[in-house]
Structure formats: C-alpha cells, structure tokens
Amino acid sequence: MVNVTYDSSGDLISSTGTVFNEGDIAWTLASTALVWIMIPGVGFFYSGLLRRKNALNMIYLSMMTIGVVSFQWFFWGYSLAFSETASPYIGNLKYFALQNVLDQPSIGSERVPAIVFCVFQLMFAAITPMIAIGAVAERSRLGPLVAFVFAWSTLVYDPIACWTWNTQGWSYVLGGLDFAGGTPVHISSGTAALAISLYLGKRRGYGTERLAYKPHNTTYVILGTVFLWFGWFGFNGGSALSANLRATEACIVTNLAASVGGLTWMFWDYRLERKWSVVGFCSGAISGLVAITPGSGFVGAPAAVLFGFMAGTVCNFATQLKFIFKFDDTLDIFASHAIGGIVGNILTGLFAQSSIAGADGITVIPGGWLDHNYRQLGIQLADSVSGLSYSFVMTTIILWIMHYIPGLRLRCDEETEILGVDDAEMGEFAYDYVGIETELVPRSEYNIGASSGSREPQHTAATTSQISEEKVLTGEESVSRVQ
C-alpha cells in the first residue's frame with residue numbers, strides 16, 4: 001500500500017518525500033480526458049469525408065485503437081518510451097506491466113507523479129496510430145489492423161517518443177524543442193500514412209469521376225473538428241504538466257493558430273471555387289493545430305498567427321502532391337500532418353522564446369532565432385528528417401512483413417471494395433440504410449440521378465434489374481445487397 005500524506009497547504013506528499021501540487025495533478029488528468037475525446041474525433045472527421053458504405057469502420061477504428069494501445073502502453077509501451085535508464089533511441093523494460101509506476105516523480109515533470117504522467121502520455125500514444133491508419137480508407141481489411149497498431153506503436157511511436165521527450169533521448173539531449181508532439185505524433189503518423197498509401201495502392205476507380213465524390217456527411221467533419229479543437233487545449237495546454245502561465249499561453253496560441261489556419265485554408269479554396277467551404281475551414285483549422293503543437297509552449301501569440309497562416313497555406317498546396325506523384329492518400333493525412341508537423345518544427349526553431357518557455361518558472365532554453373540561437377533551426381530540421389525517415393522505413397517494413405504472414409495482409413479484395421468495408425467486414429452500417437444508388441451503381445446504368453444540389457440519393461431510382469433483393473436477415477431486419 002502506498003503511504004501518502006498531505007502538508008498544511010493540502011499538497012500531496014508521496015512515500016518518497018516528493019511534494020505534488022494537487023492542482024497540477026487535476027489539470028493533467030483533465031487534459032488526459034480532453035485528449036481522449038480527440039481520438040473518436042479523428043474517427044468522425046475521417047468518417048464524414050468518406051462515402052456512406054465506408055463511414056462506420058473509421059469510427060470503429062478509433063475505438064479499436066484506444067483498446068489496443070491502452071494494452072500495449074501497459075504491457076511495455078510506457079517503459080520503452082519513458083524509462084529513465086533508456087538508450088538515446090529507445091527505453092528498456094524497467095517499467096514492464098507498469099511495475100513501480102505510481103507515486104515517484106515522473107520523467108516529464110517532478111510536479112506530477114509517474115502514474116499521472118503515464119496515463120496522460122497514453123492518450124498521445126493512442127491518437128498517433130489512429131491518425132496514420134486513416135490511410136487505409138476504403139480498401140483495407142480490419143482484422144489485421146489490430147496487429148498493425150500494436151506493432152507500429154512498439155516499433156515506431158515508442159522510439160520516436162523516447163528520443164524526443166525522454167531525458168536520455170538523443171534529440172532531447174541535443175536541445176530539440178517539441179512541446180507536444182510535432183515529430184512523435186504528427187510527422188510520424190503523416191509519414192506512416194504515406195507508406196500505407198503506397199503499400200495498399202490505388203482504390204478501384206482511381207483517376208475517374210467515381211472517386212471525385214463529396215464528403216458524405218459534412219456534419220461529421222464539423223463534429224470531428226469540434227472534438228479535436230476542444231481536445232487540443234488538453235493536448236497542448238496539458239503538456240505543461242502544470243496549471244500555470246505556460247499552460248495558459250499554450251492554450252492561447254493553440255486557439256489562435258487553429259483560427260488563422262482555418263480562415264487561411266478557406267480563403268485559398270474560395271479563390272478557386274467561389275464557395276465558402278466548411279470542410280476547407282475544418283481542414284485548415286486542423287493543419288493550424290498540427291503546426292502549433294511543437295511550438296505551443298515556446299512561442300508567443302504573434303508567432304501563432306504566422307503558424308496558422310503558414311500551415312493553412314503550405315498544407316493546402318501540399319494536398320496536390322498526391323496528384324503530382326500519383327499516390328492515393330484518400331484523406332490527405334500526409335499533407336495535413338507530416339507537412340504540417342514539419343512546418344511547425346521549423347517555425348519553432350525560428351520563433352521559440354526563452355521567456356515563453358520560462359513562464360512555468362522552471363524551464364530554461366536558449367530559444368530560437370528570435371533569441372539569436374541560430375543553431376536551433378538545424379536541430380529542428382534534424383529531428384524532423386529523422387522522424388520522417390524512420391517512420392516511413394519502419395512502417396514499410398512492418399507492412400511487408402505482415403504481407404507475407406497468412407491472415408495479416410491488409411489489402412481487401414475487389415468485392416469488399418465495391419460493396420463497402422462496413423458491410424463486408426463488419427456487417428453493420430453507419431445509418432439504417434445504405435445509399436447504394438450513387439455509390440455502387442454507375443450513373444449511366446440507372447434512370448434517375450440524385451436531385452440537383454442534393455447529396456442525398458433518391459433511393460427508389462434504381463431499377464430491379466440493377467439491384468437484386470438478396471435479403472440478409474438480421475433479427476427482424478433485412479439489408480439489400482448489390483451484386
């Protein structure tokens with residue numbers, strides 16, 4: 001049993017004699033919950049961008065990822081990332097199965113106990129592979145993804161988190177500045193998404209109008225963005241691991257960068273289509289949030305405006321890379337997360353200020369170019385290139401090893417792709433019907449198209465010669481399938 005007491009001010013005194021402020025513990029635990037809600041937020045965001053027949057599996061994957069990574073983090077993930085006796089690249093099994101992880105000071109901050117730091121960092125470990133596996137959209141089997149998430153978290157996320165945030169990590173020792181996960185979370189996941197896209201290949205109908213569809217549920221896109229933006233206050237603000245001025249500053253620049261990023265992306269899209277796109281605004285807001293992540297505890301509000309503008313601009317134009325190099329990154333994860341993370345890391349090297357970092361009364365850094373520390377940009381570039389290269393190579397190796405293990409190949413067959421992953425792999429749907437008309441039947445083969453200006457198909461338009469009424473009984477319900 002842990003023997004803890006309290007001092008006269010109400011602060012917790014651990015069995016080791018360390019004093020922990022309960023306000024800091026409360027803020028970190030609240031931030032843990034905020035980051036947790038971001039994970040299904042990613043699922044809803046991805047789901048809304050896809051077609052109806054593939055909408056549910058993205059939300060499922062967000063929940064599956066939480067489950068798998070929670071076990072992996074307990075089993076050995078936390079130890080591999082944050083053991084004090086780690087190498088410069090990866091930890092050891094000192095804290096295997098969370099042994100002795102309780103009331104000792106955490107490696108992240110002496111102001112919170114290790115168990116609090118552990119559960120907070122778990123949320124970062126869980127959201128990262130979820131961002132990456134959005135790249136499997138519309139063309140992957142679901143079962144093997146359980147094994148992929150466990151392997152990827154162990155071989156990719158944990159080493160990068162170790163070298164970035166562990167006091168023994170090479171980037172940390174070198175002086176790299178990454179407050180909340182520019183490289184471990186965003187560059188690693190965005191680059192993994194690129195590797196997954198290249199491995200899986202193009203979807204059926206790539207390069208034709210069949211895949212030039214609009215998001216099936218823009219409300220889901222907005223809802224996912226709300227969850228993400230809301231949770232990002234804990235993502236960045238909670239990374240201070242204390243309820244102090246630095247956490248407050250992180251929250252301010254987070255909101256500002258997201259706002260400017262959303263407006264910038266929307267304006268760039270307006271110049272082409274003369275429409276005020278809410279999907280564009282949401283995409284820009286997320287790119288702004290991605291970019292400010294590494295710098296949120298190091299830069300001030302004026303710099304946050306530039307972070308948002310540069311992210312909204314660079315990530316918007318980076319979405320064209322998939323057309324230039326002809327890879328099928330369905331949800332533009334590489335453009336938003338990998339490129340956005342690189343933008344954030346570079347700008348952090350330019351605009352980091354020792355005065356902002358020191359707002360917690362503890363942190364001392366030489367700053368970036370604003371503080372005449374010109375070598376910081378080189379360190380940031382080295383960290384970015386290392387994270388990008390390592391994630392791409394290791395993800396590719398994992399995918400091809402799984403490819404040759406019976407039952408673990410990710411790519412689904414053509415029939416599954418035509419029918420939809422939800423029906424073929426899950427036997428469930430996001431809604432109580434499937435809008436089959438515009439998704440499964442070529443437009444030339446049915447008599448009446450969807451009403452002008454409406455995204456909702458007319459479900460009675462297809463003829464019986466096009467749709468066979470193969471009834472699949474589930475209780476008292478039946479589902480019509482397309483042959």
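Mentor: A residue counts as buried when its relative accessible area is under 20% and as exposed when that area is over 50%, with partly exposed in between. Please keep in mind throughout that this is a predicted model.

Trainee: With that scale in hand, is Ser79 buried or exposed?

Mentor: Ser79, which is found in helix α2 (residues 55–82), has a relative accessible area of 1% and is therefore buried.

Trainee: Which residues is Ser79 in contact with, once its neighbours within four places in sequence are left aside?

Mentor: Apart from those neighbours, Ser79 is in contact with Gly91, Asn92, Leu93, Lys94, Tyr95 and Phe96. With Tyr95 there is also a polar approach, in that a polar atom of the Ser79 side chain lies 2.9 Å from the backbone nitrogen of Tyr95.

Trainee: Where is Ala97 found, and what is its phi?

Mentor: Ala97 is found in the loop between α2 and α3 (114–133), and its phi is near 55 degrees, a positive value in a residue other than glycine. Its relative accessible area is 25%, so Ala97 is classed as partly exposed. His372 likewise is a residue other than glycine with a positive phi, near 65 degrees; His372 is placed in the loop between α13 (354–357) and α14, and at 60% relative accessibility it counts as exposed.

Trainee: How should I read the two helices α6 and α14 against each other?

Mentor: Two packed helices are described by the angle between their axes and the distance between the axes. Here the axes of helix α6 (residues 182–200) and helix α14 (residues 376–403) come within 8 Å and cross at roughly 40 degrees, and α6 and α14 are therefore oblique to each other. Their crossing is right-handed. The residues making the contact include Thr183, Ile187, Thr191 and Leu198 of α6, and Asp383, Leu388, Phe392 and Trp400 of α14.

Trainee: What is the order of the strands in the open sheet?

Mentor: Strands of a sheet pair through backbone hydrogen bonds, either parallel or antiparallel. In this model the open sheet has three strands in the order β1-β2-β3, with antiparallel pairing. Because β1 (5–6) and β3 (19–20) each have a single partner strand, they stand at the edges, and one side of each is left without a neighbour in the sheet.

Trainee: How many bridges pair β1 with β2?

Mentor: Strand β2 (residues 12–13) pairs with β1 in the antiparallel sense over two bridges, and the bridge partner of Thr5 in β2 is Ile13.

How values were computed:
Residues numbered from 1 in each chain as written. Predicted model: local features only at pLDDT ≥ 70, side-chain atom pairs only at ≥ 80, totals over all residues. Heavy atoms only, no water. Helix = DSSP H or I, 4+ residues; strand = E, 2+ residues; numbered from the N terminus. Buried < 20%, exposed > 50% of the residue type's maximum accessible area, 1.4 Å probe, protein only. Polar contact = N/O pair within 3.5 Å; in protein donor to acceptor, adjacent residues only side chain to side chain. Contact = heavy atoms within 4.5 Å. Pairing = 2+ DSSP bridges. Axes fitted to C-alpha atoms, helices over the stretch in contact; angles between N-to-C directions. Parallel < 35°, antiparallel > 145°, perpendicular 65-115°, else oblique. Left-handed = near helix turned anticlockwise from the far one by under 90°.
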